[in-house]
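Biologist: Could we go through this structure together? I would like to begin with how helices cross.

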Amino acid sequence: SQANFEEDSQKQPAVGHWKPLMPSKGSKEEPETGCQDAGGVDETQSTEQLNVSRLRSSSVEIREKGSEFLKEELHKAQKELKLKDKECERLSKVREQLEQELEELTASLFEEAHKMVREANTKQAASEKQLREARGKIDMLQAEVTALKTLVITSTPSSPNRELHPQLQSPSKAVFRKGHGRNKSTSSAMVSAASHNVAPEPVSHECKEVDSILFAEFQAWKESPTLDKSCSFLDRIYREDVGPCLDFTKQELSELVRVAVEQNTLTIEPVASQTLPVMKVSAEECGGPKKCALSGLPRTCKHRIMLGDSGNYFYISPSCRARITAVCNFFTYIRYIQQGLVRQDVELMYWEVMRLRREMSLAKLGFYPSEI
(Lines give C-alpha, C1' and ligand atoms only; values in the text may rest on other atoms or scores of the structure.)
Protein backbone atom coordinates (compact mmCIF):
# COMPACT_ATOMS: atom_id res chain seq x y z
CA SER A 1 0.00 0.00 0.00
CA GLN A 2 2.89 2.35 0.68
CA ALA A 3 4.26 1.71 -2.79
CA ASN A 4 0.87 2.44 -4.30
CA PHE A 5 0.70 5.66 -2.37
CA GLU A 6 4.09 6.79 -3.58
CA GLU A 7 3.07 6.08 -7.17
CA ASP A 8 -0.15 7.97 -6.63
CA SER A 9 1.73 10.88 -5.07
CA GLN A 10 4.08 11.08 -8.08
CA LYS A 11 1.28 10.96 -10.58
CA GLN A 12 -1.21 13.24 -8.80
CA PRO A 13 -0.78 16.63 -7.17
CA ALA A 14 -0.26 17.04 -3.48
CA VAL A 15 -3.93 17.74 -2.92
CA GLY A 16 -5.78 14.48 -2.20
CA HIS A 17 -6.33 11.94 0.44
CA TRP A 18 -3.61 11.50 2.97
CA LYS A 19 -3.46 8.16 4.68
CA PRO A 20 -1.30 7.66 7.65
CA LEU A 21 1.16 4.85 7.26
CA MET A 22 1.43 3.98 10.84
CA PRO A 23 -0.52 5.02 13.80
CA SER A 24 1.14 7.48 16.08
CA LYS A 25 2.69 6.27 19.30
CA GLY A 26 0.43 6.28 22.24
CA SER A 27 -2.63 6.24 20.12
CA LYS A 28 -4.92 3.39 20.50
CA GLU A 29 -5.82 1.18 17.73
CA GLU A 30 -9.24 2.07 16.53
CA PRO A 31 -11.46 -0.75 15.67
CA GLU A 32 -11.96 -1.38 12.09
CA THR A 33 -15.52 -0.42 12.04
CA GLY A 34 -17.80 1.99 10.33
CA CYS A 35 -16.79 4.73 12.81
CA GLN A 36 -13.21 4.38 11.61
CA ASP A 37 -14.37 5.04 8.07
CA ALA A 38 -16.35 8.10 9.10
CA GLY A 39 -13.41 9.57 11.01
CA GLY A 40 -11.09 9.07 8.07
CA VAL A 41 -13.40 10.93 5.80
CA ASP A 42 -13.57 13.92 8.15
CA GLU A 43 -9.85 13.91 8.58
CA THR A 44 -9.35 13.83 4.81
CA GLN A 45 -11.68 16.79 4.30
CA SER A 46 -10.00 18.88 6.97
CA THR A 47 -6.62 18.08 5.46
CA GLU A 48 -7.82 19.18 2.04
CA GLN A 49 -9.18 22.41 3.46
CA LEU A 50 -5.91 23.02 5.21
CA ASN A 51 -4.00 22.45 2.03
CA VAL A 52 -6.33 24.77 0.10
CA SER A 53 -5.94 27.51 2.73
CA ARG A 54 -2.19 27.07 2.61
CA LEU A 55 -2.24 27.35 -1.14
CA ARG A 56 -4.39 30.42 -0.97
CA SER A 57 -2.19 32.05 1.62
CA SER A 58 0.91 31.22 -0.39
CA SER A 59 -0.66 32.67 -3.60
CA VAL A 60 -1.68 35.85 -1.74
CA GLU A 61 1.81 36.13 -0.35
CA ILE A 62 3.26 35.63 -3.82
CA ARG A 63 0.95 38.28 -5.19
CA GLU A 64 1.88 40.72 -2.44
CA LYS A 65 5.58 40.08 -2.97
CA GLY A 66 5.15 40.42 -6.75
CA SER A 67 3.20 43.64 -6.26
CA GLU A 68 5.87 45.03 -3.96
CA PHE A 69 8.57 44.05 -6.43
CA LEU A 70 6.69 45.66 -9.30
CA LYS A 71 6.13 48.77 -7.21
CA GLU A 72 9.82 48.96 -6.43
CA GLU A 73 10.71 48.51 -10.09
CA LEU A 74 8.15 51.11 -11.05
CA HIS A 75 9.54 53.51 -8.48
CA LYS A 76 13.06 52.92 -9.78
CA ALA A 77 11.91 53.46 -13.36
CA GLN A 78 10.17 56.68 -12.34
CA LYS A 79 13.32 57.89 -10.60
CA GLU A 80 15.41 57.09 -13.66
CA LEU A 81 12.86 58.81 -15.87
CA LYS A 82 12.97 61.92 -13.69
CA LEU A 83 16.75 61.92 -13.84
CA LYS A 84 16.64 61.56 -17.59
CA ASP A 85 14.10 64.40 -17.82
CA LYS A 86 16.36 66.61 -15.75
CA GLU A 87 19.32 65.69 -17.92
CA CYS A 88 17.31 66.41 -21.07
CA GLU A 89 16.24 69.76 -19.64
CA ARG A 90 19.83 70.62 -18.74
CA LEU A 91 21.03 69.64 -22.20
CA SER A 92 18.27 71.67 -23.84
CA LYS A 93 19.29 74.70 -21.77
CA VAL A 94 22.90 74.18 -22.77
CA ARG A 95 21.86 73.93 -26.41
CA GLU A 96 19.77 77.12 -26.16
CA GLN A 97 22.66 78.93 -24.50
CA LEU A 98 25.06 77.77 -27.19
CA GLU A 99 22.63 78.83 -29.92
CA GLN A 100 22.22 82.26 -28.31
CA GLU A 101 25.97 82.68 -27.97
CA LEU A 102 26.40 81.62 -31.58
CA GLU A 103 23.80 84.16 -32.72
CA GLU A 104 25.44 86.92 -30.68
CA LEU A 105 28.85 85.99 -32.03
CA THR A 106 27.54 85.97 -35.60
CA ALA A 107 25.83 89.33 -35.09
CA SER A 108 28.98 90.85 -33.58
CA LEU A 109 31.09 89.48 -36.45
CA PHE A 110 28.71 90.93 -39.04
CA GLU A 111 28.65 94.26 -37.20
CA GLU A 112 32.43 94.33 -37.01
CA ALA A 113 32.65 93.46 -40.70
CA HIS A 114 30.20 96.24 -41.62
CA LYS A 115 32.14 98.66 -39.43
CA MET A 116 35.39 97.73 -41.13
CA VAL A 117 33.77 98.16 -44.54
CA ARG A 118 32.42 101.58 -43.56
CA GLU A 119 35.81 102.67 -42.25
CA ALA A 120 37.48 101.37 -45.41
CA ASN A 121 34.98 103.27 -47.58
CA THR A 122 35.50 106.44 -45.54
CA LYS A 123 39.26 106.15 -45.79
CA GLN A 124 38.99 105.43 -49.52
CA ALA A 125 36.79 108.48 -50.05
CA ALA A 126 39.19 110.66 -48.04
CA SER A 127 42.16 109.27 -49.97
CA GLU A 128 40.41 109.88 -53.29
CA LYS A 129 39.59 113.43 -52.20
CA GLN A 130 43.19 114.07 -51.19
CA LEU A 131 44.34 112.55 -54.47
CA ARG A 132 42.04 114.85 -56.45
CA GLU A 133 43.24 117.86 -54.48
CA ALA A 134 46.87 116.85 -54.94
CA ARG A 135 46.34 116.36 -58.66
CA GLY A 136 44.65 119.75 -58.87
CA LYS A 137 47.59 121.37 -57.08
CA ILE A 138 50.03 119.55 -59.32
CA ASP A 139 48.16 120.67 -62.44
CA MET A 140 48.11 124.24 -61.17
CA LEU A 141 51.83 124.18 -60.36
CA GLN A 142 52.63 122.59 -63.71
CA ALA A 143 50.63 125.27 -65.49
CA GLU A 144 52.44 127.99 -63.57
CA VAL A 145 55.83 126.41 -64.25
CA THR A 146 54.95 126.14 -67.95
CA ALA A 147 53.88 129.78 -68.01
CA LEU A 148 57.10 130.84 -66.28
CA LYS A 149 59.18 128.75 -68.69
CA THR A 150 57.38 130.32 -71.62
CA LEU A 151 57.93 133.77 -70.17
CA VAL A 152 61.62 133.11 -69.59
CA ILE A 153 62.19 131.41 -72.94
CA THR A 154 60.61 134.29 -74.85
CA SER A 155 63.23 136.65 -73.38
CA THR A 156 66.38 136.42 -75.50
CA PRO A 157 69.25 138.89 -76.04
CA SER A 158 68.01 139.64 -79.55
CA SER A 159 64.37 140.17 -78.45
CA PRO A 160 64.20 140.63 -74.68
CA ASN A 161 60.87 140.32 -72.93
CA ARG A 162 59.90 143.78 -71.74
CA GLU A 163 57.78 142.33 -68.94
CA LEU A 164 60.90 140.77 -67.39
CA HIS A 165 63.06 143.82 -68.11
CA PRO A 166 61.05 146.99 -67.36
CA GLN A 167 64.15 149.14 -67.85
CA LEU A 168 63.90 148.40 -71.58
CA GLN A 169 60.51 150.08 -71.83
CA SER A 170 60.38 153.43 -73.58
CA PRO A 171 60.25 156.36 -71.16
CA SER A 172 56.75 157.36 -72.15
CA LYS A 173 55.40 153.81 -71.69
CA ALA A 174 57.26 153.33 -68.42
CA VAL A 175 55.81 156.54 -67.01
CA PHE A 176 52.36 155.58 -68.26
CA ARG A 177 52.42 152.11 -66.77
CA LYS A 178 53.92 153.01 -63.43
CA GLY A 179 52.01 156.24 -63.06
CA HIS A 180 54.91 158.19 -61.51
CA GLY A 181 55.45 160.86 -64.19
CA ARG A 182 55.62 164.51 -63.21
CA ASN A 183 52.42 166.49 -63.40
CA LYS A 184 52.25 168.76 -66.40
CA SER A 185 50.17 171.83 -66.73
CA THR A 186 48.62 170.62 -69.96
CA SER A 187 48.70 167.50 -72.03
CA SER A 188 50.04 169.46 -74.95
CA ALA A 189 53.26 170.12 -73.07
CA MET A 190 53.79 166.38 -72.66
CA VAL A 191 53.13 165.81 -76.35
CA SER A 192 55.49 168.57 -77.39
CA ALA A 193 58.24 167.24 -75.13
CA ALA A 194 57.89 163.82 -76.63
CA SER A 195 57.84 165.20 -80.18
CA HIS A 196 61.09 167.11 -79.64
CA ASN A 197 62.70 164.02 -78.07
CA VAL A 198 63.25 165.82 -74.81
CA ALA A 199 64.59 163.38 -72.27
CA PRO A 200 62.29 163.24 -69.26
CA GLU A 201 63.61 164.02 -65.85
CA PRO A 202 64.78 160.96 -63.97
CA VAL A 203 62.12 159.40 -61.82
CA SER A 204 62.96 159.27 -58.16
CA HIS A 205 63.03 155.98 -56.34
CA GLU A 206 59.71 154.83 -54.95
CA CYS A 207 59.24 155.41 -51.23
CA LYS A 208 57.20 153.02 -49.12
CA GLU A 209 55.73 153.28 -45.67
CA VAL A 210 53.93 150.51 -43.82
CA ASP A 211 50.37 151.29 -42.84
CA SER A 212 49.98 150.15 -39.23
CA ILE A 213 46.31 149.14 -39.57
CA LEU A 214 46.81 147.16 -42.78
CA PHE A 215 49.96 145.53 -41.44
CA ALA A 216 48.25 144.55 -38.17
CA GLU A 217 45.37 142.99 -40.11
CA PHE A 218 47.82 141.08 -42.31
CA GLN A 219 49.79 139.84 -39.29
CA ALA A 220 46.59 138.63 -37.59
CA TRP A 221 45.60 136.79 -40.77
CA LYS A 222 49.13 135.34 -41.15
CA GLU A 223 48.91 133.69 -37.72
CA SER A 224 46.07 131.46 -38.99
CA PRO A 225 45.72 131.98 -42.76
CA THR A 226 42.31 131.21 -44.20
CA LEU A 227 40.26 132.04 -47.30
CA ASP A 228 37.20 132.97 -45.24
CA LYS A 229 35.93 136.44 -46.14
CA SER A 230 34.82 137.11 -42.56
CA CYS A 231 38.35 138.00 -41.35
CA SER A 232 39.18 141.70 -41.34
CA PHE A 233 42.14 141.34 -43.74
CA LEU A 234 40.22 139.64 -46.57
CA ASP A 235 37.03 141.60 -45.86
CA ARG A 236 38.83 144.86 -46.54
CA ILE A 237 40.45 143.52 -49.72
CA TYR A 238 37.10 142.18 -50.97
CA ARG A 239 35.46 145.55 -50.39
CA GLU A 240 38.27 147.75 -51.71
CA ASP A 241 39.89 145.65 -54.47
CA VAL A 242 38.35 142.30 -55.43
CA GLY A 243 34.73 143.48 -55.52
CA PRO A 244 35.33 146.62 -57.63
CA CYS A 245 37.82 144.83 -59.89
CA LEU A 246 35.31 142.07 -60.77
CA ASP A 247 32.32 144.41 -61.04
CA PHE A 248 31.45 144.29 -64.75
CA THR A 249 28.43 145.46 -66.69
CA LYS A 250 26.97 141.96 -66.94
CA GLN A 251 26.21 141.46 -63.25
CA GLU A 252 25.09 137.83 -63.45
CA LEU A 253 28.18 136.72 -65.36
CA SER A 254 30.36 138.85 -63.07
CA GLU A 255 29.09 136.94 -60.04
CA LEU A 256 29.84 133.61 -61.73
CA VAL A 257 33.35 134.80 -62.56
CA ARG A 258 33.94 135.88 -58.94
CA VAL A 259 32.83 132.48 -57.62
CA ALA A 260 35.03 130.66 -60.14
CA VAL A 261 38.04 132.79 -59.17
CA GLU A 262 37.47 132.08 -55.47
CA GLN A 263 37.15 128.34 -56.13
CA ASN A 264 40.14 128.35 -58.52
CA THR A 265 38.06 126.84 -61.35
CA LEU A 266 38.44 129.65 -63.91
CA THR A 267 40.27 128.94 -67.17
CA ILE A 268 41.68 131.62 -69.49
CA GLU A 269 43.05 130.75 -72.90
CA PRO A 270 43.92 132.63 -76.09
CA VAL A 271 41.34 132.62 -78.83
CA ALA A 272 43.97 131.56 -81.39
CA SER A 273 44.35 128.17 -79.64
CA GLN A 274 40.65 127.35 -79.93
CA THR A 275 40.31 123.64 -80.47
CA LEU A 276 37.11 122.92 -78.55
CA PRO A 277 33.61 122.59 -80.04
CA VAL A 278 31.25 125.48 -80.59
CA MET A 279 29.76 127.22 -77.55
CA LYS A 280 26.64 125.78 -75.99
CA VAL A 281 24.94 129.10 -75.22
CA SER A 282 23.91 132.00 -77.40
CA ALA A 283 26.44 134.34 -78.94
CA GLU A 284 24.71 137.28 -77.26
CA GLU A 285 25.59 135.89 -73.85
CA CYS A 286 29.10 134.67 -74.67
CA GLY A 287 30.06 137.64 -76.76
CA GLY A 288 32.41 136.96 -79.62
CA PRO A 289 35.81 137.78 -81.05
CA LYS A 290 34.53 141.33 -81.61
CA LYS A 291 32.35 141.72 -78.51
CA CYS A 292 33.23 141.37 -74.82
CA ALA A 293 30.85 139.15 -72.84
CA LEU A 294 31.55 140.96 -69.53
CA SER A 295 31.38 144.60 -70.59
CA GLY A 296 29.02 144.13 -73.55
CA LEU A 297 31.11 146.58 -75.58
CA PRO A 298 32.48 145.95 -79.05
CA ARG A 299 36.08 145.08 -78.43
CA THR A 300 38.68 142.85 -80.05
CA CYS A 301 38.74 139.81 -77.78
CA LYS A 302 42.02 137.92 -77.76
CA HIS A 303 41.10 135.62 -74.88
CA ARG A 304 38.14 133.66 -73.62
CA ILE A 305 37.26 132.17 -70.24
CA MET A 306 35.53 128.98 -69.11
CA LEU A 307 33.85 128.64 -65.70
CA GLY A 308 34.60 125.23 -64.18
CA ASP A 309 33.79 122.25 -66.40
CA SER A 310 30.68 123.76 -67.94
CA GLY A 311 32.14 123.81 -71.46
CA ASN A 312 30.74 127.34 -72.06
CA TYR A 313 33.29 129.90 -73.27
CA PHE A 314 32.98 133.68 -72.89
CA TYR A 315 35.07 136.06 -74.97
CA ILE A 316 36.63 138.89 -72.97
CA SER A 317 38.43 142.09 -73.87
CA PRO A 318 42.05 142.80 -72.83
CA SER A 319 40.90 145.16 -70.08
CA CYS A 320 38.57 142.55 -68.55
CA ARG A 321 41.27 139.93 -68.87
CA ALA A 322 43.73 142.19 -67.00
CA ARG A 323 41.24 142.70 -64.17
CA ILE A 324 40.53 138.97 -63.83
CA THR A 325 44.24 138.11 -64.02
CA ALA A 326 45.07 140.63 -61.28
CA VAL A 327 42.52 139.09 -58.92
CA CYS A 328 43.70 135.55 -59.80
CA ASN A 329 47.30 136.52 -59.03
CA PHE A 330 46.26 137.84 -55.62
CA PHE A 331 44.33 134.68 -54.73
CA THR A 332 47.18 132.47 -55.96
CA TYR A 333 49.65 134.25 -53.70
CA ILE A 334 47.52 134.08 -50.55
CA ARG A 335 46.83 130.39 -51.27
CA TYR A 336 50.59 129.83 -51.37
CA ILE A 337 50.88 131.56 -48.00
CA GLN A 338 48.06 129.46 -46.58
CA GLN A 339 49.74 126.25 -47.80
CA GLY A 340 53.10 127.29 -46.30
CA LEU A 341 54.88 127.54 -49.66
CA VAL A 342 56.08 131.13 -49.13
CA ARG A 343 59.28 131.24 -47.05
CA GLN A 344 59.74 134.99 -46.57
CA ASP A 345 59.66 137.58 -43.85
CA VAL A 346 56.24 138.86 -42.82
CA GLU A 347 57.03 142.36 -44.04
CA LEU A 348 58.14 141.12 -47.47
CA MET A 349 54.94 139.12 -47.83
CA TYR A 350 52.96 142.19 -46.78
CA TRP A 351 54.55 144.33 -49.48
CA GLU A 352 53.91 141.64 -52.08
CA VAL A 353 50.24 141.65 -51.08
CA MET A 354 50.20 145.46 -51.37
CA ARG A 355 51.75 145.20 -54.84
CA LEU A 356 49.04 142.76 -55.91
CA ARG A 357 46.40 145.10 -54.50
CA ARG A 358 47.89 147.95 -56.53
CA GLU A 359 47.73 145.79 -59.66
CA MET A 360 44.02 145.18 -59.00
CA SER A 361 43.43 148.90 -58.50
CA LEU A 362 45.23 149.80 -61.72
CA ALA A 363 43.36 147.13 -63.66
CA LYS A 364 40.08 148.43 -62.28
CA LEU A 365 40.99 151.92 -63.49
CA GLY A 366 41.67 150.53 -66.98
CA PHE A 367 45.47 150.26 -66.98
CA TYR A 368 46.83 147.09 -68.52
CA PRO A 369 49.96 146.07 -70.47
CA SER A 370 49.82 146.62 -74.20
CA GLU A 371 50.99 143.05 -74.81
CA ILE A 372 47.65 141.66 -73.57
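This is a predicted model: local features need pLDDT of at least 70, side-chain atom pairs count only at pLDDT 80 or more; totals for chains, interfaces and linings use all residues.

Biologist: Which hand does the crossing of H7 and H9 have?

Modeller: The crossing of H7 and H9 is right-handed.

Biologist: At roughly what angle do the axes of H7 and H9 cross?

Modeller: Helix H7 covers residues 251-262 and helix H9 residues 318-338; their axes cross at roughly 25° and come within 10 Å. Angles under 35 degrees count as roughly parallel, so H7 is roughly parallel to H9.

Biologist: Which residues make the contact?

Modeller: H7 contributes Val 257, Val 261 and Glu 262, while H9 contributes Ile 324, Val 327, Cys 328, Phe 331 and Arg 335. By class, the contact has 6 nonpolar and 2 charged residues, and no polar ones.

Biologist: Now to the rings. How many aromatic pairs are there?

Modeller: The count comes to 8 aromatic pairs. One of them is Phe 218 with Phe 233, an edge-to-face pair with 5.5 Å centre to centre and 65° between the planes.

Biologist: Where in the chain do Phe 218 and Phe 233 lie?

Modeller: Phe 218 is in helix H5 (residues 212-223) and Phe 233 in helix H6 (residues 232-245), 15 residues apart, so the pair links distant parts of the chain. Both Phe 218 and Phe 233 are buried.

Biologist: Why is the pair of Tyr 350 and Trp 351 edge-to-face?

Modeller: Their planes are at 65°, with ring centres 5.3 Å apart, so the pair is edge-to-face. Tyr 350 counts as buried, because its relative accessibility is 1%.

Biologist: Which residues form the aromatic cluster?

Modeller: Phe 215, Phe 218, Trp 221, Phe 233, Tyr 350 and Trp 351 form one aromatic cluster.

Terms used. Residues are numbered from 1 along each chain as its sequence is written. Side-chain values use heavy atoms; hydrogens and water are left out. Axes are lines fitted to C-alpha atoms, for helices over the stretch in contact, and angles run from 0 to 180 degrees between N-to-C directions. Helices (H or I, at least four residues) and strands (E, at least two) are DSSP runs, numbered from the N terminus. Angles under 35 degrees count as roughly parallel, over 145 as roughly antiparallel, 65 to 115 as roughly perpendicular and the rest as oblique. A crossing is left-handed if the near helix is turned anticlockwise from the far one by less than a right angle, and right-handed if clockwise. Contact means heavy atoms within 4.5 Å. Ala, Val, Leu, Ile, Met, Phe, Trp, Tyr, Cys and Pro count as nonpolar, Asp, Glu, Lys and Arg as charged, and the others, Gly among them, as polar. Rings of Phe, Tyr and Trp (its six-membered ring) pair if their centres lie within 6.5 Å; planes under 30 degrees apart count as stacked, over 60 as edge-to-face and the rest as tilted. Buried means under 20% relative accessible area, exposed over 50%, partly exposed in between (1.4 Å probe, protein chains only).
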